[in-house]
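Please read it alongside the coordinates.

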Amino acid sequence: MVRFTAESYDFATFPQARNYIGGDWVAPSGERTDDVVNPRHGRAMSTVGYSTYADVDAAVKAAEAALPEWRDWPLRERAQVMYAARELMQRDLEELTWLVSHENGKTYAEAKAEVLKGIECVEFGCSLPNLAAGNSLQVSRGVNCEIVHEPLGVVAGVTPFNFPFMVPLWMMPQALVGGNAFILKPSEQVPLSAVRLAEIFAEAGLPAGLFNLVQGGQEAVEALCDHPGIHALAFVGSTRVAKIVYGRACATGKRALCLGGAKNHLIVVPDADVGVTAENVVASYTGCAGQRCMAASVMVGVGDVDHIIDAIVERSKKVVPGDNLGAITNQASVERITRYIEDAESRGAKLLIDGRGQSGGEGGYWVGPTLLDNVTPDMPAGSEEIFGPVLSIVRVDTLDQAIAIENANPYGNASAVYTTNGEVARRVMGRVSAGMCGVNVGVPVPREPFGFAGWNDSKFGHGNITGWDGFRFWTRPRKITSKWALQKDQNWMS
Ligand code: NAD
């Protein structure tokens with residue numbers, strides 16, 4: 001077993017991230033190998049290989065071999081693996097927290113929150129025996145209909161760099177307890193937490209072959225889309241790739257659910273509580289260095305909200321790179337974020353706080369909190385996903401204008417309103433075009449068991465990825481109609 005020994009931000013290494021197939025660690029067969037870079041230090045802490053179709057095929061074969069016995073386990077017994085995994089994750093909480101922080105660059109507190117949220121997803125898996133009982137009804141004399149949730153078989157998940165531990169756990173508990181075998185392709189930028197997940201589930205008693213790990217990038221994802229032995233695929237990442245993966249997976253007849261990027265709008269009206277709003281808005285746009293799909297990206301200020309913006313500026317000054325602001329994932333992202341700021345400034349936006357050039361320590365990739373005022377929705381900073389600690393402030397006169405701006409954006413992950421007026425909250429909640437909405441909550445992540453997913457260009461496919469919808473995604477309902485007694489009274493169901 002590989003253990004991560006770091007107990008601080010001090011640089012530490014981790015062994016090479018390999019594939020886990022049928023219970024064995026094996027090297028991916030592709031020729032390419034990349035460094036896994038700790039964004040806080042800008043140094044390679046590990047390496048990762050790239051998988052090919054042959055590696056995916058080996059994972060499918062291992063999964064198919066393990067499935068017949070697993071399907072025979074009662075769901076309640078399959079859920080026991082989740083109980084055991086949960087205990088192991090609690091045991092290793094500190095280690096997992098530091099691993100997430102090192103491979104992703106987020107702060108210790110953010111990494112711990114991620115691991116705890118991942119554990120919450122496992123707990124949902126523990127609860128499935130109490131939820132998955134199905135339905136049964138006597139539909140006519142002596143005739144019963146029942147629904148049972150059957151596994152799909154071998155299924156797969158593809159995950160992004162920004163939540164290396166939690167996002168795989170959006171998928172795995174429901175898929176596995178549902179009786180499937182799961183293949184995970186984590187982001188090549190953060191493949192290490194997935195290595196620990198494989199070890200934890202093995203230690204928890206999951207039989208070999210039911211959780212397989214294939215490392216790599218586009219080629220591995222395309223193989224997962226194309227492989228006829230895989231029956232469902234979930235994806236979380238950018239909208240550009242989500243669209244491609246959704247189309248490719250569906251083209252082979254797979255069930256697919258692909259979550260994409262975001263441009264989340266927060267609407268702030270003058271009656272909003274200044275302290276709550278300032279704290280919340282800043283936490284939303286700077287948390288995880290803005291690298292989360294639920295981050296505030298545009299604040300639409302309705303009327304005179306200068307007093308609230310002043311408080312947001314003051315609060316933002318307390319967010320310090322390297323201290324309570326984590327690193328940006330890589331140099332290319334720093335340059336992308338910087339380009340958005342420069343472009344907005346050249347188009348007339350006013351920089352209230354400029355995070356360019358700020359550093360959180362020696363080496364690493366950093367951008368400080370950045371507030372852009374007088375942004376308009378036609379500017380790239382006002383309409384495109386920046387994925388950094390940047391908030392674009394758009395000014396409007398009326399609530400209807402604010403809602404229209406939110407509605408016109410093609411994304412639809414999250415939206416929030418800050419107000420102390422119930423009628424304003426009700427109007428906004430009823431009219432914004434987003435799947436996850438908040439009233440005085442800037443990161444309105446639906447906690448378990450409420451399902452996670454956005455709308456519009458933030459999601460391709462149907463339903464939510466977490467909660468009960470997740471279980472339905474990874475299973476298919478079988479309807480069984482039974483008649484045991486020989487009935488004299490014949491009817492149309494006889
Ligand atoms: P990404 O789309 O670049 O990568 C996601 C996954 O797709 C990775 O595993 C990667 O290896 C793979 N991939 C990359 N290019 C591919 C291609 N051309 N074909 C097939 N597979 C490919 O995303 P990222 O940069 O890792 O993550 C950040 C993005 O994810 C942001 O847009 C963010 O909003 C989004 N995200 C969305 C949610 C959500 O729930 N909607 C959650 C987390 C992150």
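1. In this predicted model, the cavity search returns two cavities of 30 Å³ or more.

2. Which residues lie nearest the centre of the largest cavity? They are Gly290, Arg292, Ala295, Ser297 and Phe387, out of a lining of 13 residues. Sorted by class, that lining comprises six nonpolar, four polar and three charged residues.

3. The second largest cavity has Tyr20, Ala198, Phe201, Ala202 and Leu206 in its lining, together with Pro207, Ala208, Gly209, Leu210 and Phe211.

4. On the level of the whole chain, the domain assignment divides the protein into domain 1, given as 19-260 + 458-479, and domain 2, given as 264-439. The centres of domain 1 and domain 2, taken over C-alpha atoms, are separated by 31 Å.

5. The size of an interface is often expressed as the accessible area lost when the parts come together. For domain 1 and domain 2, the buried area is about 1,500 Å², with 52% of it on carbon and sulfur atoms. On the side of domain 1, Pro39, Arg40 and Ser458 supply 33% of the area buried against domain 2, more than any other three residues.

6. How many residues of each domain take part in the contact between domain 1 and domain 2? The contact involves 15 residues of domain 1 and 25 residues of domain 2.

7. As to specific interactions, nine residue pairs are in polar contact between domain 1 and domain 2, counting pairs with both residues at pLDDT 80 or more. The side of domain 1 that touches domain 2 is made up of four nonpolar, eight polar and three charged residues.

Definitions and conventions. Residues numbered from 1 in each chain as written. Predicted model: local features only at pLDDT ≥ 70, side-chain atom pairs only at ≥ 80, totals over all residues. Heavy atoms only, no water. Domains from an automatic or database assignment. Contact = heavy atoms within 4.5 Å. Buried area = accessible area lost by both parts, 1.4 Å probe. Polar contact = N/O pair within 3.5 Å; in protein donor to acceptor, adjacent residues only side chain to side chain. Nonpolar A, V, L, I, M, F, W, Y, C, P; charged D, E, K, R; others polar. 1 Å grid on protein atoms, 1.4 Å probe; cavity = no way out; pocket = protein on both sides within 12 Å on 5 of 7 lines; lining within 4 Å. Points joined across faces, edges and corners; volume = space filled by probe spheres on them.
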